[in-house]
Amino acid sequence: MTMGGAEPPGALPADSKLPRVVVASLGNEYRRDDGAGQVVAAGAVDRVTGVRDVGPQVDPLALLGRWDGSDLAIVIDATRGAGAPGEVRVVDLATTDEHPGATSTHGISLSGALRLARAVGRAPTRVVVVGIEGGDFGKGKGLSPAVAAAVPAAIGKVVELIEEAQRCA
């Protein structure tokens, strides 16, 4: 439920038996591999039902208010410094509060936004990050070959997380 009282587009009805799952991508499609999250989120949401895509966000703070009340928030983001370009990592923030990348390309980190959401009682029950190690964060559109090749595997991880949550509901 949003502050205005109406459910956002794509939200599940309040009486739904499915868990409230939110998919969010972080990044900027005009910074090459930083746009990987958008490509993965779009591909995953097209393959499942009962999921709300809260759209691409450039700043993790933008997730506040968009992921409120969800049982599972899956955040897809390009990472930097955690491995070879194209490497896909899944990190459950219930077991750590650190983003899977060594550094963030955003003003406030995802873990910082999550701590803030928890402090004000608006955090999702569970947050999982699907990170794709980027190699090229320069200006321009389009993913590097290594990241583009990893997109299907990342989509598969996101779909697997969603289906697991729906089975356990």
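The model is predicted: local features need pLDDT of at least 70, side-chain atom pairs count only at pLDDT 80 or more, and totals for chains, interfaces and linings use all residues. Residues are numbered from 1 along each chain as its sequence is written, and side-chain values use heavy atoms, with hydrogens and water left out. Helices (H or I, at least four residues) and strands (E, at least two) are DSSP runs, numbered from the N terminus.

**The sheet**
- Five strands form an open sheet in the order β2-β1-β3-β5-β4, with mixed pairing. Two strands pair if DSSP finds at least two bridges between them.
- β2 (51-57) and β4 (88-92) are the edge strands, and each pairs on one side only.
- From one strand to the next, the twist averages 20 degrees.
- β1 (residues 21-26) and β3 (residues 72-79) pair in the parallel sense over five bridges. Valine 21 has leucine 72 as its bridge partner in β3.

- α1 lies across β1, β2, β3 and β5 (126-133). α1 runs at about 155 degrees to β1. Axes are lines fitted to C-alpha atoms, for helices over the stretch in contact, and angles run from 0 to 180 degrees between N-to-C directions.
- The axes of α1 (residues 36-45) and α3 (residues 145-167) come within 9 Å and cross at roughly 45 degrees. That makes α1 oblique to α3. Angles under 35 degrees count as roughly parallel, over 145 as roughly antiparallel, 65 to 115 as roughly perpendicular and the rest as oblique.
- On the α1 side, Ala36, Val39, Val40, Gly43 and Ala44 meet Val147, Val151, Ala154, Ile155, Val158 and Val159 of α3. Contact means heavy atoms within 4.5 Å.
- Residues of this contact of α1 with α3 divide into ten nonpolar, one polar and no charged. Ala, Val, Leu, Ile, Met, Phe, Trp, Tyr, Cys and Pro count as nonpolar, Asp, Glu, Lys and Arg as charged, and the others, Gly among them, as polar.

**Serine 25**
- Serine 25 sits in strand β1. Serine 25 is buried, with a relative accessible area of 1%. Buried means under 20% relative accessible area, exposed over 50%, partly exposed in between (1.4 Å probe, protein chains only).
- Not counting residues up to four places away in sequence, serine 25 touches Gly37, Gln38, Ala41, Gly55, Pro56, Gln57 and Ile76.

**Helix α2**
- Leu110, Ser111, Gly112, Ala113, Leu114 and Ala117 are buried in α2 (residues 110-119). The buried residues of α2 pack against β3 and β5.
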